[in-house]
Amino acid sequence: MGRTLLFSLLSLSSTTLLASTSTKGLDEKINDGFMPFAVWWESLVLAEIPIFGHSIPVVLIILIVGALFFTLYFGFVNIRHFSTAIQVVRGKYDDLEKNQPPLQPQVFEVEGDLKDTIKNEGHFGEVNHFQALATAVSGTVGLGNIAMVAVAISIGGPGATFWMILAGLLGMSSKFVECTLGVKYRDIDSKGNVFGGPMYYLSKGLKEMGLTQLGKFLSVVFAVLCVGASFGGGNAFQSNQAAAQIIERFGLSGASSGSIIGLVFALLAGIVIIGGIKRIAKVTEKVVPFMAILYVGASLFIIFSHIEWVDDAFGLIVSEAFTPKATITGGFVGVLIQGFRRAAFSNEAGAGSAAIAHSAVNTAHPASEGLVGLLEPFIDTVLICTMTAIVIILFNMDGMFVYGDVVNGQALMYDGSRLGGVNITSMAFENSISGSSYVLMAAVCLFAFSTILSWSYYGLQAWKYLFGRGKWIDLAYKIIFLLFTVLGAAITLDAVIKFSDAMILAMVFPNMIGLLILFPKVKQEFSKYLKLIRRP
């Protein structure tokens with residue numbers, strides 16, 4: 001049954017990719033076939049309910065309420081233990097973890113071996129704290145920080161930035177919870193390979209609490225959605241915006257330009273993802289710091305070059321968060337929704353995806369990686385997204401585009417044309433630093449590539465949970481994943497945003513239900529770890 005389904009999916013993906021007509025280019029044909037599904041899926045996931053006269057997506061309510069609860073319950077762990085998290089990444093407590101056994105360990109039987117036996121053999125995980133963070137950050141710090149910020153501001157105005165920052169700060173607490181659970185309930189086979197993430201803590205954790213059937217249901221739903229998200233936000237959106245930058249910078253006009261660029265990306269990604277998490281971690285720990293320095297350096301240069309306008313930019317961010325001047329659907333609530341929606345896409349806090357990468361860490365103490373995980377939304381949203389937002393707001397001080405006038409994901413520019421996503425950010429960079437759009441293009445390609453690598457691992461882990469851990473099962477997923485790299489580069493920004501947004505946000509439903517049940521387990525692990533590192 002499973003194998004038949006895999007070959008059917010392969011056949012369907014290949015047929016979709018290769019279809020063409022004499023009257024339309026390959027890119028346009030693929031987009032026409034994909035758009036109806038993207039529209040339907042977005043409307044399903046982002047179903048709204050009326051609150052105080054405003055329609056708000058249910059998924060955003062769950063995200064906000066959950067993140068706020070975790071922040072309060074764990075005593076503002078996102079702020080009070082921020083420095084502790086940095087020390088863990090730096091390796092300050094590595095010797096404590098090596099020299100002392102885990103407190104009150106749990107024992108799981110995995111493929112005929114015992115988890116504690118495996119630990120005694122030295123197999124705690126596959127990567128260190130920094131590599132796990134780099135892999136997870138490369139999955140979250142992607143084009144959402146460049147393109148989605150531009151989308152949020154063009155639709156919601158400068159005020160959307162305020163809500164993105166708030167969502168990032170609250171999301172740190174959600175990430176802490178899910179990454180701790182990811183390590184606590186992971187599987188480790190006899191070879192030391194790690195299998196973790198929401199699929200495992202939903203099934204194992206809820207079973208411990210007598211909710212076996214609910215755990216099985218939620219874990220399967222999450223795994224299915226995670227596979228879909230790996231195809232969408234973690235892959236198609238990345239290749240789409242990378243292709244858009246390359247096409248715009250080099251003036252490519254061929255009807256199949258996007259598909260060809262996507263094919264190149266797929267070949268490069270395929271070389272790396274065949275090697276699994278260890279190879280992905282080795283690549284991302286080198287690529288992530290480089291691309292971060294490249295992008296952040298250019299952003300800071302622009303900001304300091306216009307330092308006299310920065311206070312005005314922050315003024316707009318705060319004032320228009322509550323009283324937007326632009327004609328924005330929903331007014332204040334519309335701006336809030338844009339900020340939280342784009343932040344959720346960017347840092348994925350509450351979606352559970354990053355817990356998959358963090359589960360592979362070499363540690364015996366789950367809470368240590370939970371602390372590492374809370375750094376992600378800070379790096380991703382509070383720092384990088386804010387920098388991007390300020391650059392775009394500074395660029396628009398002279399009215400380069402109209403806030404709130406967006407059609408098919410593209411804002412109305414001063415000359416009557418329309419641009420969207422990464423191309424607005426590119427224009428903002430070029431306007432301040434001549435030639436910097438080419439630097440941005442390089443950064444975009446690196447962002448896209450690293451995110452594709454990380455999400456290939458996320459999706460594969462979910463795929464294995466559904467279909468098993470066989471060699472051919474793995475290969476089937478990787479082929480379909482790479483086909484979506486080509487698909488994403490071919491379709492329009494509007495179509496890929498609808499599909500990608502909805503796929504990642506849909507993961508919130510099963511994951512957040514589990515987190516709101518399992519959070520006491522995190523409290524136990526956190527107390528143990530704090531006791532360990534505070535011992536004289």
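Colleague: Which residues in H12 meet which residues in H24?

Modeller: Leu-214, Leu-218, Val-221, Phe-222 and Leu-225 in H12 meet Pro-510, Asn-511, Ile-513 and Ile-517 in H24, where contact means heavy atoms within 4.5 Å. The contact comprises 8 nonpolar residues, 1 polar and no charged; Ala, Val, Leu, Ile, Met, Phe, Trp, Tyr, Cys and Pro count as nonpolar, Asp, Glu, Lys and Arg as charged, and the others, Gly among them, as polar. This is a predicted model: local features need pLDDT of at least 70 and side-chain atom pairs pLDDT 80 or more, while totals for chains, interfaces and linings use all residues. Residues are numbered from 1 along each chain as its sequence is written, and side-chain values use heavy atoms, without hydrogens and water.

Colleague: Why is H12 called oblique to H24?

Modeller: The axes of H12 (residues 212–250) and H24 (residues 508–533) cross at roughly 140 degrees and come within 9 Å. That makes H12 oblique to H24, because angles under 35 degrees count as roughly parallel, over 145 as roughly antiparallel, 65 to 115 as roughly perpendicular and the rest as oblique.

Colleague: What makes H15 and H19 roughly perpendicular?

Modeller: H15 (residues 307–322) and H19 (residues 375–395) pack at about 105 degrees, with axes 10 Å apart. The pair is therefore roughly perpendicular. Their contact has 9 nonpolar residues, no polar and no charged.

Colleague: How do you know that E8 pairs with E9?

Modeller: Two strands pair if DSSP finds at least two bridges between them. 2 bridges join E8 (residues 410–413) to E9, and the strands run antiparallel.

Terms used
Axes are lines fitted to C-alpha atoms, for helices over the stretch in contact, and angles run from 0 to 180 degrees between N-to-C directions. Helices (H or I, at least four residues) and strands (E, at least two) are DSSP runs, numbered from the N terminus.
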